[in-house]
Amino acid sequence: MGVTAMSLGFSATSVAADTEWAGFVENATYVRDGVGLSKFRNTAQAEFSKSLEADGWSNVSINGTLRATYDGVYDLNDEEFGKDATEDYLGANWHDQDLSSTILLPGTPLPCENDPALCKNLDGYMDQDEDEAKLPDFNDELDFIRELYISADKRLDNGDILNLSFGKQQVVWGKTDLFRVLDVINPVDYSRHNIYDELEDIRIPQWMLTAEWRMGPNEVFDDSNFSIVWNIDKFRPNNLGTCGQAYRIIDAGCFFSSRIIGGGPYVINDVDEHDWSLANSQVGLKWEGVYGDATFSLNALHYRQQLPSIHTSGNGAAPVPGSNFGLFNIHFPEVNLIGGSIDYYSMNQDAVWRLETSFTQGEEQPRDAYGYKKTDMFRYVIGFDKNISIPELGTRSAFLVSTQLFGEHILDHEVDMPNEEDNWIATLLLKGFYVNNRLSPQIIIAHDFGADATAIAPSIEYLVDDHWKVNVGFNIKEGGDKKFPWSITGGAAGGVQTEPLARFLNGPIGVANQEDEFQMSVRYSF
Amino acid sequence: MLNKTFISLALTAAVSTSAFAATEQDVENSFYPYKNGVPSFNGLSAGMTINQSNVEQFKEVLDPAMYEFIKAGDTEVKVGETTSFDLHSSYVDATKANLANVKLGVNPGEISGSVAGRPFPEEPSLDDPRAGEKLAWNYKYGYNWGDSAAIMPFYWKFRNMETGKLERTLKFNFHFLNFTHRTEQTPTPAITPNPSNLFRGIYVQVLEPFDVKNTQLLIQRFEDDLKRDNAYLYLGFQRRVRRLSSGQVTDSFLGSDVMIEDFEGYNGRISDMKWTFKGARNMLVPMYNHNDMELDSESHKDDEGYQVVAFGGKGNCFPNVTYQLRKVYEVESSSVDSNHPISKRQHFIDAQTFTIPRNITYDRKGDMWKSWSIGQAHPDHHLPQNKGKGVAIDDAFTMVDMQAQHCTTGQFKGIVDPKLTPESKMTVQNLRASGK
């Protein structure tokens, strides 16, 4: 860190202030219908900031966030989760058995505990052992260091400010909740709680250098800022949850650790890892500003797809029972993204409209017959936020109503893609405030039109005082009934199959259709 | 007949919208009302205390809410000497320089010719149907925090008035910056470039507690009063800047008893309200010398030895400060929007400084709902760096929800120093940069 700081042209000359610390300890206990305990997560998080003085620089600080998590569900409900978890058939946690699930064996839970050959195939991706599932922050990537970066401002001769930040950090683009369009610089860890935790808590921090040229107002714009982000970390994809973990989005983890019946090949042959190199680093540019009633950004990013793409392994050799041969390799192709966002406050409606959009080249979508296809993608979110006073509900505080329509268009769509050419997910947040905002009920509803799946999450948060906070809620999902033909079992002519392709169609809400939960968390912050 | 009506209307409009012939004497009278003596009231003297036993005697110099509080034994009022809060000479000079240039427009919220200084220094008249609006402009373009200032830190405490239980303590930094109507800090009279013609910025950053840490609020008020403020909220746990609709401006701010619209006595557009001047009177208002007050040695400690004002009374909802008998203008502002959560505010505007040390808020039914006090400290008896700044320092506030028997109190360390509030503080990008 010191070497890096020097290379940026400044060095700390004296400590300007004491280190500020803040943080919390939290227990999150979730109980899943028919399963029992699904989460007993205990988290301790500490955040610090230390200001420094440096010649010629201002606002110099070192900032960090440290987190330790222990999820006791693997000790307390080891029949359902962990290395000894078993399923009757692949996908038993979200659909009935059909012909497709008799060809694929159930996924091997935590394969590195149970199947060394499969563990080798999955090396580097979704290959956590049980200790890593219990203590997800303590791994080779030192994820217990959620953030650690140094930041400094340089005032330029014309009054503009140049800010440099270097270190392990989160860089947030975009303005959407639950689903991401532009906010794709950091990969995310869906194994923590599917899509439902705050992105702040599930973004996987990356070692990055950011430079911001804060130009402030000019004759046209009220604010203008140009930034460059250079992600120099080794590429890490999204964590979808290893088979055996309590949360594995679209049940990908168990599919990846499955194999063909009768000692047939594994599903996954290898994971295409990307060693650290400058050529593998990721770069983004953003120009953002304020023009009248609109705030806007224009974004461009060269990165890698964070969701896995499955390529046939190309190995023509006949599978040998007992060998580690697999059908597919996991790839993470390079992607170019351009996009933008705009917020507009409508005075007539007294409401805020949000629009966020991206166009990507290089992404790959799964297919039945051909494994995958590279296709351009167009995504957008239209958001609408308004505060509505509803005195009949017993509070003078206005309710926050926030709706979003998330759209995705596959430009080079094929009929054997297990995704709609156009799909939409709508979300609604209704949040109220009582007792000086210390009691806050809310309901989140998300509906995936293509999957015909719905998640409903009512909850109540109570701030006991400045330190204690209790949150109680439910998370209910419906759907997950979509089928998709699999040519291995005769395709469309073979009837309706669920495995393995319908998981993509049913999406994160539909595939979690049996994950109805009662959720409670208690937090003490300091 | 028609012609006569038309002429009458035209004359009324002319009288209403054009400048009265305000004179330099008007300016002197407005800024130095105690030059030739301070007001008095029979039986009232500095050093005495008004409490349940003698409140009836002094009802005439108390506002209705304070009278009710004292009568109920919720608080007592200690009387201090009436002192002159001279505003900075640059503001007085700017007032003189713009005399006779300022005119109201045809509609509420429209004004022209106001570059800097007090727009309407002349004594308001009950016969002037737009006198209330003029006083509101005097407040809006007042020297409230000077050209810029900061409150660092600023403690807000949520209290149950019945039990006295301290429910929450929020620690903030507040910053204020005038883009236009500047008189003392360079550049004057305006910061450029300023493409959207902003008048003022208010930037708020939450330091504690953890659940709202790094929440930030930026309010950009336009020179054009008919345009709604741009308000941006940064939520630390989301790391995103969100635009606020005006519904949130009239909502409880972070769970307190204070709306964003309540800041400083009134923090909204002139055109959002119908302003009615109800008359001038002498009244006891919380204005004092900070260093002579009872201070709270627990809530805040720093290397300068600065301490914030102590609170007492029922539920610890009242600042332990002295009240001066001062000339105030009573003005009512009733909301134009029928969906607004309040029906009206009763403002008691200090005639010398045009700060609003006392407010009473009425709910939609017309019942008394909230009582607002914001203690004004003389800058020469506060922090050393505030001496001579000519700013009445906001120093201690309380917002009492009389219906819910709940209050939010505020304890300030107000600093008039332009270095603390550069214009870069008032940008959307600053929210992202500071919240990271």
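In chain A, in which element is confidence lowest, and in which is it highest? In this predicted model, the lowest confidence of chain A falls in helix α1 (residues 2-7), with a mean of 38, and the highest in strand β22 (residues 517-525), at 98. The score is pLDDT, the predictor's confidence in each residue, from 0 to 100. Helices (H or I, at least four residues) and strands (E, at least two) are DSSP runs numbered from the N terminus. Local features are given here for pLDDT of at least 70 and side-chain atom pairs for 80 or more, whereas totals for chains, interfaces and linings use all residues of the predicted model. Residues are numbered from 1 along each chain as its sequence is written, and chains are lettered from A and ligands numbered from 1 in the order in which they are written.

Chain A averages a pLDDT of 91, and 94% of its residues score at least 70. Over residues 1-15 of chain A the pLDDT stays under 50, and the model has 22 contacts beyond four places in sequence for this stretch; residues are in contact if their C-beta atoms, placed from the backbone, lie within 7 Å. Chain B has a mean pLDDT of 92, with 95% of its residues at 70 or more. Its residues 1-19 are below 50 and have 13 contacts beyond near neighbours in sequence. Where pLDDT is low, the predicted coordinates should not be read in detail. For the complex, the predictor gives an ipTM of 0.84 and a pTM of 0.88.

The two chains meet through 36 residues of chain B and 47 residues of chain A. On the chain B side, the elements that give two or more residues are β6 (166-178), β10 (240-243), α6 (246-249) and α7 (428-435). This side divides into 10 nonpolar, 17 polar and 9 charged residues, where Ala, Val, Leu, Ile, Met, Phe, Trp, Tyr, Cys and Pro count as nonpolar, Asp, Glu, Lys and Arg as charged, and the others, Gly among them, as polar.

Within chain A, an open sheet of 3 strands runs in the order β9-β13-β12 with mixed pairing; strands pair if DSSP finds at least two bridges between them. β9 (266-271) and β12 (309-312) of chain A stand at the edges with a single partner strand each, so one side of each is left without a neighbour in the sheet. β9(A) pairs with β13 (residues 326-331) of chain A in the parallel sense over 4 bridges, and Asp270(A) stands opposite Asn329(A) in β13(A).

Antiparallel pairing also occurs in chain A. Strand β16 (residues 372-388) joins β17 (residues 399-410) in this sense over 12 bridges, with Met377(A) opposite Ile410(A) in β17(A). β17(A) in turn pairs antiparallel with β18 (residues 422-431) over 10 bridges, and Ser402(A) has Leu429(A) in β18(A) as bridge partner.

Some backbone details deserve attention. Glu499(A) and Pro500(A) are joined by a cis peptide bond with omega of about -10°, and Pro500(A) is found in the loop between β21 (468-478) and α9 (502-510) of chain A. In chain B, a cis peptide bond joins Met152(B) and Pro153(B), with omega of about 0°; Pro153(B) is found in strand β5 (residues 148-160) of chain B. Asn59(A), in strand β4 (residues 57-71) of chain A, has a positive phi near 50° in a residue other than glycine.
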